[in-house]
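Let's take a walk through this protein model. Have the sequence and the 3D view open side by side as you read.

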Amino acid sequence: MLENLPDRWDVVKAGKLAAPGKHSCVGGPFGSNLVRQDYVEYPGVPVIRGGNLVLGSRVFQDFDFVFVSEEKAASLQQNTAHPGDLVFMQRGASIGQVSLIPKNAKFSRYILSQNLMKLTPDPQKADVKFLCYYFLSPLAQELIQRHSVGSTIPGFNLTQLRDFPVPLPPLNEQKAIAHILGTLDDKIELNRQMNQTLEEIARALFKSWFIDFDPVRAKMDGRQPAGMDAETAALFPNEFEDSAIGKIPKGWVVGTVQDIGHVICGKTPSTQDAENYGADIPFITIPDMHGKIFSIKTNKYLSSKGAKTQANKTLPPYSICVSCIATPGLVVMTTHPSQTNQQINSVIPYEADTAFYYYFVLREVADEIKARGSGGSVFANLNKGHFSVLPVLLAPAELRARYHLMVEPIFAKFLSNELESFSLTKVRDELLPKLLSGGIRIKDAKKVVEAVT
């Protein structure tokens with residue numbers, strides 16, 4: 001691709017596109033420069049870690065930070081990133097992952113963790129969004145993987161980044177290409193934000209009914225539960241009773257995860273047999289779960305043969321997957337018959353008409369797993385047996401079904417948005433290599449984008 005570029009395009013090393021200054025292309029602090037005592041509670045200076053870079057996406061996750069003091073940050077000025085910088089993973093399975101810190105980022109500066117590096121482009125030479133798209137392109141990712149160093153832990157180091165070849169059109173054409181691809185990504189991001197808002201609405205209702213017990217408390221005070229019809233209000237008791245987990249609404253039950261449905265721990269088919277993998281059955285792993293409600297697309301798929309070798313691990317649609325090892329506390333629902341790896345425990349609900357209620361029950365469980373896992377307990381590596389017996393509070397069946405019915409339109413919109421985003425992502429990924437090679441001209445690409453947005 002780099003040999004047959006359009007006229008006026010050039011091939012330039014990424015280091016030559018860095019802004020003036022010795023800290024425009026740098027890596028994070030090496031080794032133990034950051035130790036436990038360096039971290040402080042917010043406010044402080046946020047530290048970018050691998051979790052802030054989403055595999056395969058240019059979107060920077062501007063949350064879930066740890067912080068260091070201003071004094072420590074001052075000693076690490078050479079390891080600082082700012083809005084408008086590109087941040088790269090340089091070690092492990094996610095080498096080459098790149099995200100753009102947006103101009104409207106929450107913070108004005110960030111410290112890079114030791115597995116990251118950053119490039120500050122010179123805006124007179126290169127458009128930062130164009131560069132981000134290029135580094136995420138199949139060509140760039142293939143080059144990164146091909147030239148990664150390290151026998152056990154692959155790496156893409158700072159020297160390689162500085163020497164990395166970039167096909168570079170004139171600046172105005174870079175901006176046009178970035179705008180076309182950005183139009184698709186903006187719609188994808190809008191869908192993500194909409195789903196986040198919808199999820200907050202559904203979860204707020206769940207919290208009111210099943211955690212704070214607002215309808216029960218209202219009836220105890222002789223009030224009609226706010227915003228609730230009489231038929232639904234009648235499903236709630238007007239008193240509490242003692243239980244193993246404290247006061248709960250009378251008639252409700254403290255059960256365990258295995259009371260919700262059939263619990264399955266995933267498994268990875270033998271990688272020694274290439275015929276176990278193909279394009280038939282989604283194979284969910286932790287990178288597929290970040291920022292998702294439904295599992296629409298996975299990075300890996302099993303062949304029918306591979307899935308049949310462990311047919312008892314197959315999950316039907318609307319099963320609920322919870323990550324319990326490595327990155328605990330992520331939750332998604334399946335949309336197709338799927339399997340997962342062994343880092344994920346899943347629940348096939350016994351009652352199909354209450355799956356959305358159980359989704360939020362398991363979200364509460366997952367939040368507990370995440371919170372307690374960070375303390376280094378058994379929750380950081382939760383096997384099927386321990387997961388199955390985690391306590392859950394279960395409302396009566398009719399009330400579970402009523403909640404499911406109320407939020408069903410919200411979940412339908414979730415799914416519609418994620419399916420649309422999947423289609424838009426597919427169009428973007430098909431346009432990306434063609435635009436970066438000159439295989440499709442800008443005016444033709446615009447027509448494609450206009451047809452799908």
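Start with an open pocket: helix H10 gives the most to the lining of the second largest pocket, with four residues. Helices (H or I, at least four residues) and strands (E, at least two) are DSSP runs, numbered from the N terminus. This pocket has a volume of about 350 Å³, and 15 residues line it, with Phe210, Ile245, Glu364, Val392 and Leu393 the closest to its centre. H5, H10 (355–373) and strand E23 (391–394) are the elements that give two or more residues to the lining. By class, the lining has 12 nonpolar, one polar and two charged residues. Here Ala, Val, Leu, Ile, Met, Phe, Trp, Tyr, Cys and Pro count as nonpolar, Asp, Glu, Lys and Arg as charged, and the others, Gly among them, as polar.

A word about the model: it is predicted, so local features need pLDDT of at least 70 and side-chain atom pairs count only at pLDDT 80 or more, while totals for chains, interfaces and linings use all residues. Residues are numbered from 1 along each chain as its sequence is written, and side-chain values use heavy atoms, with hydrogens and water left out.

Now follow H5 (residues 171–210) to its partner H12 (residues 397–437): the two pack at an angle of about 165 degrees, with their axes 9 Å apart. Axes are lines fitted to C-alpha atoms, for helices over the stretch in contact, and angles run from 0 to 180 degrees between N-to-C directions. That angle makes H5 roughly antiparallel to H12, because angles over 145 degrees count that way, with under 35 as roughly parallel, 65 to 115 as roughly perpendicular and the rest as oblique. Their contact has 24 nonpolar, five polar and nine charged residues.

H5 has another neighbour, H2 (residues 128–136): the axes of H2 and H5 come within 8 Å and cross at roughly 70 degrees. H2 and H5 are therefore roughly perpendicular to each other.

What about the strands? Five of them form an open, mixed sheet in the order E3-E5-E4-E9-E6; two strands pair if DSSP finds at least two bridges between them. At the edges, E3 (39–40) and E6 (80–81) each pair on one side only. Further in, E4 (residues 45–48) and E9 (residues 110–112) pair in the parallel sense over two bridges, and Ile48 stands opposite Leu112 in E9.

Key
1 Å grid on protein atoms, 1.4 Å probe; cavity = no way out; pocket = protein on both sides within 12 Å on 5 of 7 lines; lining within 4 Å. Points joined across faces, edges and corners; volume = space filled by probe spheres on them.
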